[in-house]
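Below is a short report on one protein model.

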Amino acid sequence: MSITDTRTDSNTAALSRAGVSIWLDDLSRERIVTKNLQQLIADKDVVGVTTNPTIFASALAKGETYDEQVKELKAKGADVAQAIFEITTKDVSDAADVFHDIFVASHGYDGRVSIEVSPELAHDTEATIAEAKRLWGTIEKPNVMIKIPATVEGLPAITAAIAAGISVNVTLIFSLERYKAVIQAYLEGLKQAKDAGIDLSTIHSVASFFVSRVDTEIDKRLDAIGTDDAKALKGKSAVANARLAYEVFVDAFGAEDAIELQEAGANRQRPLWASTGVKDPSLPDTFYVVDLVTHGVVNTMPEKTLDAVADHGDVKGDTIVGKYDEAREDLAKLAAAGIDLDEVTALLEREGVDKFIVSWHELSDTVAKALESA
């Protein structure tokens, strides 16, 4: 069998053919300069990249690829905030260039690189809008997405960014109710953009629905309950929640107002499965990939998960459509066991923002030390 035939039959190629866009949940300057990113595109069907403060903090803490820019920043008197902005926007801009051909070939569907507004602004609508516009205007690459958290305060910022023609990756979505609000924020932004005469086809968005963290929190509570019935529900909540999110997506974008916008050139806001690294060793390490396969979604994976999928991910076609009733049953059993899913998802949102703020502070500390020693 030729190399080409092997690639066609690879697990990641099968996942792509099933309609899942594979994005890497990691970015560093080292990946770009060593051509590792290009290799993942060629070998493992990666068609996009997502970043967050944790990823940047990790990238800055190791390697020497940032030394030259840090010296330049110190020489011109940049403070820590400005240094972070310039370092991260350069990485994202360079990665956007790497994915440019995919972006063009897919007519903007893929080839995307995401960068997050500061998590410290998660509860400040106006500051989030300003930061989103600053990032978008600085990078000036059409295949970039600005990440805005799905907090209550983030919802009007999502609308404002979309209305301004900015492509948005909505992050930290845990609950179906908040997801519905995110879709409405997106549609309202499209309506405003249309009224402003902006070409709707140039605006793209994904809604990052978090997966593994749901199981981590709920399974801990099921263990505390300790009954056999409770333990039998472990590892089922996150996938059930995500499958019902896809049902919400199908229903919302099949509604009359959404169809009218699509007929005017608008794109559907695709669900993106985030937090897909498996934390529970009793679950398969490809679980949050192969059990969430359907057409028109994104799965952003840490490299460890991507490698696992490439090595032994058994893609069996669509594993979402047709499983909505089963998902509802699993969540109903969860409620009967005494688990309040609404309380869990609210907690996870708060923790998600807090964790990114901690990572942002780590990033700030790393950059401050680098500037001092440059």
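At roughly what angle do the axes of helix H9 and helix H10 cross? The axes of H9 (residues 125-139) and H10 (residues 154-163) cross at roughly 35° and come within 8 Å. Axes are lines fitted to C-alpha atoms, for helices over the stretch in contact, and angles run from 0 to 180 degrees between N-to-C directions. Helices (H or I, at least four residues) and strands (E, at least two) are DSSP runs, numbered from the N terminus.

This is a predicted model: local features need pLDDT of at least 70, side-chain atom pairs count only at pLDDT 80 or more, and totals for chains, interfaces and linings use all residues. Residues are numbered from 1 along each chain as its sequence is written, and side-chain values use heavy atoms, with hydrogens and water left out.

**The helix pair.** On the H9 side, Thr125, Thr128 and Ile129 make contact (heavy atoms within 4.5 Å). Their partners in H10 are Pro156, Ala157 and Ala160. By class, the contact of H9 with H10 has four nonpolar, two polar and no charged residues. Here Ala, Val, Leu, Ile, Met, Phe, Trp, Tyr, Cys and Pro count as nonpolar, Asp, Glu, Lys and Arg as charged, and the others, Gly among them, as polar.

**The barrel.** Eight strands form a closed barrel in the order S1-S2-S3-S4-S5-S6-S7-S8, with parallel pairing. From one strand to the next, the twist averages 30°. Two strands pair if DSSP finds at least two bridges between them. S1 (residues 20-24) and S2 (residues 46-49) pair in the parallel sense over three bridges. Leu24 stands opposite Val49 in S2. Helix H7 (residues 80-98) packs on the sheet and touches S3 (112-116) and S4 (144-149). The direction of H7 makes about 170° with that of S3. H9 also packs on the sheet, touching S3 and S4. The direction of H9 makes about 165° with that of S4.

**Two residues.** The contacts listed leave out residues up to four places away in sequence.

| Residue | Place | Relative accessible area | Touches |

The side chain of Thr151 reaches the backbone oxygen of Ala122 at 2.7 Å. The C-alpha atoms of Lys133 and Pro53 are separated by 18 Å, with the two residues 80 apart along the chain.

Methods
A polar contact is a pair of N or O atoms within 3.5 Å; within protein, one must be able to donate a hydrogen and the other to accept it, and residues adjacent in sequence count only if both atoms are side-chain atoms.
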